[in-house]
Amino acid sequence: MAEETKVVRASAKTLLRRRLRFARTRVRELRMIGKALASTKHPILVHVIPMRRCNLACTYCNEFDDVSNPVPLAEMKTRLDLLAEMGTSIITISGGEPLMHPELDEVIRHIRRRGMIAGMITNGFYLNQERIERLNEAGLEHLQISIDNVAPDDVSKKSLKTLDGRLEMLAEHAVFQVNINSVLGSGVKDPEDALKIAQRAVHLGFTSTVGIIHDNNGQLKPLGEHEQGIFEAVMELGKRSFSRFNDFQHNVARGKEHDWRCRSGSRYLYICEDGLVHWCSQQRGYPGIPLAEYTPEMRHREYFTEKFCAARCTVSCVQQVGILDNWRDPQNLKPMPMTPPATPQTQLVQIGQGRGDS
Ligand code: SF4
Ligand code: SF4
């Protein structure tokens, strides 16, 4: 495509600010790793949802609605304070679409004020120069956009065609790190798209990762030979990024079960818009305890709890966190018994097709 050759240059001032922020974030990440290796008592990564609503409706996604209101800022700050007191290292804001939250900048500022690393996953549709400058000022450190295809289709509008102009704005103005996640797996029409997206990301100076989505039954399914070749090529392109910590994805790509210890509920937490703690985006409903009531003992128990879904899991962010503890403390506890919900639980989502961008 013609845009691939367009040269995008950031100003000298932006480049300097970017280098400084990257260097500071890198130091904070190294500290995060040291702290995680020294102690297992705090969460390493927490996903928070300030806004469940989304402006898009990707057909594979089970993580959005089109009605909910933003979580009030005061409530978000209370949740972030609780997480900071637990010793959390990284907060990733997710959704729905977080950029629809009217006070998102203040949420990011509060994360930084409390000494935690601030990241965000967005579909990117609300980005423009002014919004990028506001995210710079708020102190954002990581941003991830997941792009599903080269041209929009009935499944997803998150395409290179619709987003390329915004990617160029990010290349020109963002002082935070940008990662582009491309997606492979069942339901993706043209696997070549993932490589084109990753090449464009690298061309613009971003890092790139690849996500593998499940089949319609939420089960791991091996990629075909051709898709596997593309997968390896995208992984190679992504060597500068966190994909170098995604070795487990080689098993996922081959449809092989993998042996690891999921520390969700302890080292990784997913806090939904209602402020409840869940194992992850694909196991919502358990443990389903309000964050304010989630004790260190509960986190400790979850640390030692074996997750029945681990062998076939494709949630990459939790697996990256797992690397820091896989070598220690075998898991031999079973999940805590749960009180049946008073009203039929519609929110429990067994592992299925996630948004593929975590
Ligand atoms: S995948 Fe992302 S952009 Fe698509 S509907 Fe889900 S939350 Fe919205
Ligand atoms: S789906 Fe993956 S991340 Fe979620 S609880 Fe199961 S093993 Fe952990």
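Predicted model: local features only at pLDDT ≥ 70, side-chain atom pairs only at ≥ 80, totals over all residues.
**Exercise 1. Determine which residues of helix 6 are buried and where around the axis they lie.**

Step 1. A residue is buried if 20 or more other C-beta atoms, placed from the backbone, lie within 10 Å of its own.

Step 2. The arc is that of the directions from the helix axis to the C-beta atoms.

Residues are numbered from 1 along each chain as its sequence is written. Local features need pLDDT of at least 70.

**Exercise 2. Compare the span of helix 6 with the expected value.**

Step 1. Helices are DSSP runs (H or I, at least four residues), numbered from the N terminus; helix 6 has 12 residues.

**Exercise 3. Describe how helix 6 packs with helix 7.**

Step 1. The axes, lines fitted to C-alpha atoms over the stretch in contact, come within 9 Å and cross at roughly 10°. Helix 6 is therefore roughly parallel to helix 7 (an angle under 35 degrees).

Step 2. Residues are in contact if their C-beta atoms lie within 7 Å. E192, A194, L195, A198, Q199 and V202 of helix 6 meet I230, A233, V234 and L237 of helix 7.

How values were computed: Chains lettered and ligands numbered in written order. Axes fitted to C-alpha atoms, helices over the stretch in contact; angles between N-to-C directions. Helix = DSSP H or I, 4+ residues; strand = E, 2+ residues; numbered from the N terminus. Parallel < 35°, antiparallel > 145°, perpendicular 65-115°, else oblique. Contact = placed C-beta atoms within 7 Å. Expected span 1.5 Å × (residues − 1). Buried ≥ 20, exposed ≤ 12 C-beta atoms within 10 Å, placed from the backbone.
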